[in-house]
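Notebook, opened to record what I looked up and in what order.

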Amino acid sequence: MRLLLRVLAPLLGLVLTVVGLAIVVETVTLWVAPASSPLVVPWPAWQAAAEGLTWQSGAVRGTAIVVGVVGLFVLVLGLVARRHDVYLADPVPEVTVTTSPRSLARAVGHEVRSHSDVVSASVVASAKKITVKASTLDPAEAVRDDVRARVDEMLARLPLARRPRVSVSVTTTQGVK
Amino acid sequence: MSRRSRAAVARSAGGDRTLTTVLGLVLVAAAVLALLVGAGVFGSFRAQRPLIDPIAVQWATDHNDATRWIALGIGLVLFVVGLWWTLRSLRPEPRPDVSLSEVPGERLTVEHAAICDAVRHDAETIEGVSRARVRLVGTPMRPALRISLSMVEGSDVRDVWAELDGRVLARAREAFSVSALPTAVRLELDASSAPTPARVE
């Protein structure tokens, strides 16, 4: 979402610039040289097309819905494009240490997969929550406790600013051991 | 965590986010208002009135000059805001050179690249760090360091910190002759399974 904002923000700015410039140019043309109006934007044609439309017309409602949907998308984009950094405790006052959720998930994943009974594992991490899904050939119960203990121990070594909640689910899969 | 070290973590997207949110709100509000008028919330008579309202047209004809000035004003505001926004979000994040002395005749500036190379070389010698990227952010008078470290699998974060602060940052602070240098460190945990071989210069 941040990348999308990075791309769309200058484009939206450009759209505003162009609309503003068009209004200024057309107004000045109409004022100074009415004979050559409209200069670029065919606004009299638009005016003629809008003639006879009421607020109840389908075209007006359709346009309003399209504008509303675009506006909602832009609004949501602005609201959700925040950073998802995972903060670590500060070693000294003038230093801020962060890591990415992806890198935290990778570290937890390595730890989980190093367990000899785990066949495969997937990890999703954020600053608040780490979700581990692992599969094993052995009974799930014992492996789950082992995996949880490993993850807890690993998080204890990693000085995170706030300890995320850990949820571990282990399933037993069929296969040749 | 100080305000300046926190600001150095990444380029702020605050301005872009605010402007995008405001634009979205305006569009949504306009659309909702138009739909409400059409649905007859403000009276069924108003819902049946033409989009290009004769009363408004009459007013615009009567006050021709005022209408034109208003249109010009709206156009100019949109143009200026749009241009400012576009340039602002396209401008690259500055890489400041650091000025150590502003005394006339003794002005001393250190180039961005020189500082970053020195700190990067230092950081890459830390045990457990396979790769480092360093840049300065902020202004020449108030610079801050942004360091991103790729860590070898299994290396202890606390050891890396201790060495980073005790040796690398201490040297940088000494070089700038400041007591505190705001720094944002970004760790890539378990980025590689083995230390990369020493860089060949």
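How many aromatic pairs does a search of the whole structure find over all chains? I find 1, taking rings of Phe, Tyr and Trp (its six-membered ring) as paired if their centres lie within 6.5 Å. It is formed by A:Trp31 and B:Trp69, edge-to-face, at 5.2 Å centre to centre and 75° between the planes; planes under 30 degrees apart count as stacked, over 60 as edge-to-face and the rest as tilted. The pair crosses between chains, from helix H1 (residues 2-32) of chain A to helix H5 (residues 64-90) of chain B. Helices are DSSP runs (H or I, at least four residues), numbered from the N terminus.

Provenance, noted here: this is a predicted model, with local features needing pLDDT of at least 70 and side-chain atom pairs pLDDT 80 or more, while totals for chains, interfaces and linings use all residues. Residues are numbered from 1 along each chain, chains are lettered from A, and side-chain values use heavy atoms, without hydrogens and water.

I looked up accessibility next. A:Trp31 is partly exposed at 28%, whereas B:Trp69 is exposed at 55% (buried is under 20% relative accessible area, exposed over 50%, partly exposed in between; 1.4 Å probe, protein chains only).

Then I checked a helix contact. The axes of H3 (residues 58-80) of chain A and H2 (residues 14-39) of chain B come within 7 Å and cross at roughly 155°; axes are lines fitted to C-alpha atoms over the stretch in contact, with angles from 0 to 180 degrees between N-to-C directions. H3(A) is therefore roughly antiparallel to H2(B) (over 145 degrees).

Scores: ipTM 0.78 and pTM 0.78.

Definitions and conventions
Helix = DSSP H or I, 4+ residues; strand = E, 2+ residues; numbered from the N terminus. Parallel < 35°, antiparallel > 145°, perpendicular 65-115°, else oblique.
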